[in-house]
Amino acid sequence: MDPLKRSPPPCPSPRPSSPRTQPCEMLGHVGIETVLDQLKIKAMKTGFEFNIMVVGQTGLGKSTMVNTLFRSKVWKSTHPGTGVSMPQTLQLHSETHVIEEKGVKLKLTVTDTPGFGDQINNDKCWEPILGYINEQYERYLQEELLITRQRHIPDTRVHCCVYFVPPTGHCLRPLDIELLQRLCRTVNVVPVIARADSLTIEEREVFRNRIQQNLKTHCIEVYPQKCFDEDINDRILNSKIRDRIPFAVVGADREHLVDGRCVLGRKTKWGVIEVENMAHCEFPLLRDLLIRSHLQDLKDITHNVHYENYRVGRLNASHLLPRGPGWVNLAPATPEQLTSPRPLRACRRPHDDSEEESGLSMANPRPASS
Amino acid sequence: MAVAVGRPSNEELRNLSLSGHVGFDSLPDQLVNKSTSQGFCFNILCVGETGIGKSTLMDTLFNTKFESDPATHNEPGVRLKARSYELQESNVRLKLTIVDTVGFGDQINKDDSYKPIVEYIDAQFEAYLQEELKIKRSLFNYHDTRIHACLYFIAPTGHSLKSLDLVTMKKLDSKVNIIPIIAKADTIAKNELHKFKSKIMSELVSNGVQIYQFPTDEETVAEINATMSVHLPFAVVGSTEEVKIGNKMAKARQYPWGVVQVENENHCDFVKLREMLIRVNMEDLREQTHTRHYELYRRCKLEEMGFKDTDPDSKPFSLQETYEAKRNEFLGELQKKEEEMRQMFVMRVKEKEAELKEAEKELHEKFDLLKRTHQDEKKKVEDKKKELEEEVNNFQKKKAAAQLLQSQAQQAGAQQTKKDKDKKNSPWLCTE
């Protein structure tokens with residue numbers, strides 16, 4: 001098979017255009033596939049980072065869920081709310097740990113939101129959360145815009161936000177809807193039905209359907225977003241997940257003896273609710289989604305879509321000139337900019353060439369010389 | 001609303017112990033799957049004289065025939081020819097771009113030979129930088145054309161590096177990963193080769209040329225990289241033709257005095273080059289290009305444009321000042337241009353006005369002239385008309401006079417005829 005020749009004109013800076021070349025046939029083994037192993041080695045050496053945020057009212061089992069997900073005592077302190085007075089303002093609480101499994105190092109940061117939705121007047125209670133998320137984007141943006149950048153920019157951006165829906169059994173409350181609408185534009189949101197052991201299986205299904213309808217009515221796109229499905233396999237896989245969202249989960253960090261096996265579960269007078277048992281709750285689905293299959297995807301969407309949206313918004317906002325070449329003004333972001341919602345614009349594969357404004361004019365580095 | 005975030009500093013990072021299997025050991029596989037679906041880019045730049053065997057070596061390395069016509073020696077200057085190919089091995093798709101220096105070393109005056117090469121490399125960095133600085137950018141499906149590895153082909157003279165080689169490598173070493181190789185190594189005997197290699201390496205060191213160092217910080221690859229580094233620069237032989245050796249076909253070059261096998265480590269270092277370039281360090285080459293060479297270019301370019309990173313306190317201010325200054329400069333320029341344009345416009349309008357006035361005057365004159373001519377003609381016509389009328393009058397008069405005469409004559413004649421008739425009639429009354 002003849003490769004398509006691409007000889008750009010002999011000018012001082014030829015740049016081959018994106019090749020839609022035909023594949024070349026190789027007559028023997030070259031060893032290109034070893035690049036996968038090289039990638040793996042490099043990744044294992046640098047380690048991975050993952051930042052997760054749990055949002056929900058007090059007492060829904062957020063901390064327990066995090067402990068169950070990562071099989072360790074992530075929170076040093078005791079559960080807030082037990083004998084401690086309600087915090088007057090929403091305080092975000094972050095903890096970072098390094099966990100290792102089979103040679104893979106993961107730097108895990110969990111952000112909790114104690115006090116969310118606990119006040120009598122919960123107006124604008126989402127602002128601290130959005131502010132925190134945007135602050136992480138801002139931090140990354142500032143690092144990226146430095147002249148002398150670090151080799152590896154520390155990634156503190158929230159990759160996934162798990163939203164705990166209280167198990168009322170009816171439908172989403174206005175607070176939930178307001179928050180979800182705002183969060184979904186900024187970060188990947190995975191809603192879960194918390195404390196699902198208070199609902200029977202049938203009640204769960206009804207609740208789940210109602211929530212799905214609510215989400216559709218209010219145009220809330222939770223993770224995995226439909227518009228980011230890359231190919232047909234992805235779509236099939238993600239559709240199955242989307243059918244079961246929100247997962248009805250139960251968290252537990254104690255082990256009990258059931259039928260001779262040691263299982264994680266909650267022990268009650270009428271039985272033991274096994275966390276890992278698919279018949280009892282859907283915790284395995286949540287764990288598989290977050291950790292075993294879609295972790296990299298969560299990070300990619302955060303980096304390629306949400307962060308880029310934030311960046312576009314910031315760079316456009318600091319543009320004082322209406323059009324044309326301008327210079328990036330890096331005044332610190334005002335609080336309004338950090339909490340104002342942005343429409344979810346960028347799709348993962350931008351097919352149409354929307355206007356490309358340059359943040360920095362490169363064509364005329366010295367205006368006098370033009 | 002106050003947001004208090006309790007965040008421990010980095011030193012307090014705990015290593016948590018897991019009480020069960022969580023499952024994130026699949027992370028490297030997840031990462032690899034993502035990368036596989038996106039595909040990889042690899043760009044090689046081959047620098048060397050015409051006819052030294054660059055195209056053949058590429059064909060041999062990648063086990064395929066990249067069709068190209070051999071270059072002539074008559075090129076007026078060095079130009080770079082880039083070709084892109086898509087290779088696939090099992091499930092890995094590789095977008096390979098091979099950039100060739102056509103006409104390198106052929107000119108009589110080789111002072112500027114390195115310039116097109118440096119410009120090309122910079123242009124690729126520039127393109128990436130522009131994409132990175134766009135407001136709406138798409139870096140994840142950007143076709144990366146930055147050069148990841150530069151294979152520098154050294155002519156097998158057996159003595160030392162040419163000055164052209166030294167100058168070119170010195171210019172390139174801060175921009176790209178240089179891997180020097182001795183081309184057409186089958187023309188050097190083994191003992192000469194060893195001396196040649198050490199001479200080259202010592203010359204590179206003494207001239208401060210930084211070639212690519214194979215990474216030795218990773219335990220898995222440190223050993224093999226260390227052993228291979230000793231053999232730099234690799235003495236390679238390229239061949240796409242196969243010769244029967246024993247009972248197998250192998251790539252080789254056949255001479256009357258023997259057969260040089262490409263993949264035989266005793267004959268040449270081709271296998272070592274392939275190991276180092278592709279099988280062990282391809283990812284590291286890409287990473288070095290991105291984190292070292294590209295960052296250096298970016299830093300220099302941004303500093304050139306007037307951006308500074310001072311300590312975090314004054315960073316916004318210095319950038320703001322630069323911003324304001326540049327903005328004022330830009331606005332001033334705009335104003336100047338506007339003024340210029342306006343002046344030109346006014347001038348043009350005046351010119352056009354004068355032209356039009358001229359034309360108007362001309363037209364008026366023509367009109368007057370025509371009018372006069374017209375009047376003259378009219379007068380002439382009137383005169384002629386008068387004359388004609390006079391003639392007509394005269395004619396009428398004459399006609400009237402003539403008619404009178406005629407009637408008179410007729411009358412006289414009629415009288416005469418009557419007389420005659422009477423005369424005729426009377427004597428002849430009954431002749432019929």
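**Reading helices, hairpins and domains**

Student: Which residue follows α2(B), and is its phi positive or negative?

Tutor: B:Asn63 comes after α2(B), and its phi is positive, near 55°. Helices (H or I, at least four residues) and strands (E, at least two) are runs assigned by DSSP and numbered from the N terminus. Please note that this is a predicted model, in which local features need pLDDT of at least 70 and side-chain atom pairs count only at pLDDT 80 or more, whereas totals for chains, interfaces and linings use all residues. Residues are numbered from 1 along each chain as its sequence is written, chains are lettered from A and ligands numbered from 1 in the order in which they are written, and side-chain values use heavy atoms, with hydrogens and water left out.

Student: How many residues of helix α2 of chain B are buried?

Tutor: A residue is called buried under 20% relative accessible area, exposed over 50%, and partly exposed in between (1.4 Å probe, protein chains only). In α2 (residues 54-61) of chain B, 6 of the 8 residues are buried, and the helix is mostly covered. The buried residues are B:Lys54, B:Leu57, B:Met58, B:Asp59, B:Thr60 and B:Leu61.

Student: What covers the buried residues of α2(B)?

Tutor: Contact means heavy atoms within 4.5 Å. The covering elements include β3 (40-47), β5 (92-102), β6 (149-154), β7 (178-182), β10 and α7 (270-280) of chain B.

Student: Is A:Asn238 buried or exposed?

Tutor: A:Asn238 counts as buried because its relative accessibility is 6%. This residue belongs to helix α6 (residues 232-244) of chain A. Apart from neighbours within four places in sequence, A:Asn238 touches A:Pro224, A:Asp229 and A:His294.

Student: What is the strand order of the open sheet that contains β9, β10 and β11 of chain B?

Tutor: Strands of a sheet pair through backbone hydrogen bonds, either parallel or antiparallel. Two strands are taken to pair if DSSP finds at least two bridges between them. Here the 3 strands follow the order β9-β10-β11 in chain B, with antiparallel pairing. β9 (242-245) and β11 (258-261) of chain B are the edge strands, each pairing on one side only. From one strand to the next, the twist averages 65°; axes are lines fitted to C-alpha atoms, for helices over the stretch in contact, and angles run from 0 to 180 degrees between N-to-C directions.

Student: How many bridges join β9(B) to β10(B)?

Tutor: There are 4 bridges between these antiparallel strands, and B:Glu242 has B:Lys251 as its bridge partner in β10(B). The two strands form a hairpin with 2 residues between them, and B:Gly246 in the turn has a positive phi of about 65°. Strand β10 (residues 248-255) of chain B is also joined to β11(B) by 4 bridges, where B:Ala252 is partnered by B:Gln261. β10(B) and β11(B) likewise form a hairpin, with 2 residues between them.

Student: What domains are assigned to chain B?

Tutor: Domain bounds come from an automatic or database domain assignment. Chain B has domain 1 (36-305) and domain 2 (319-384), and their centres, taken over C-alpha atoms, are 64 Å apart.
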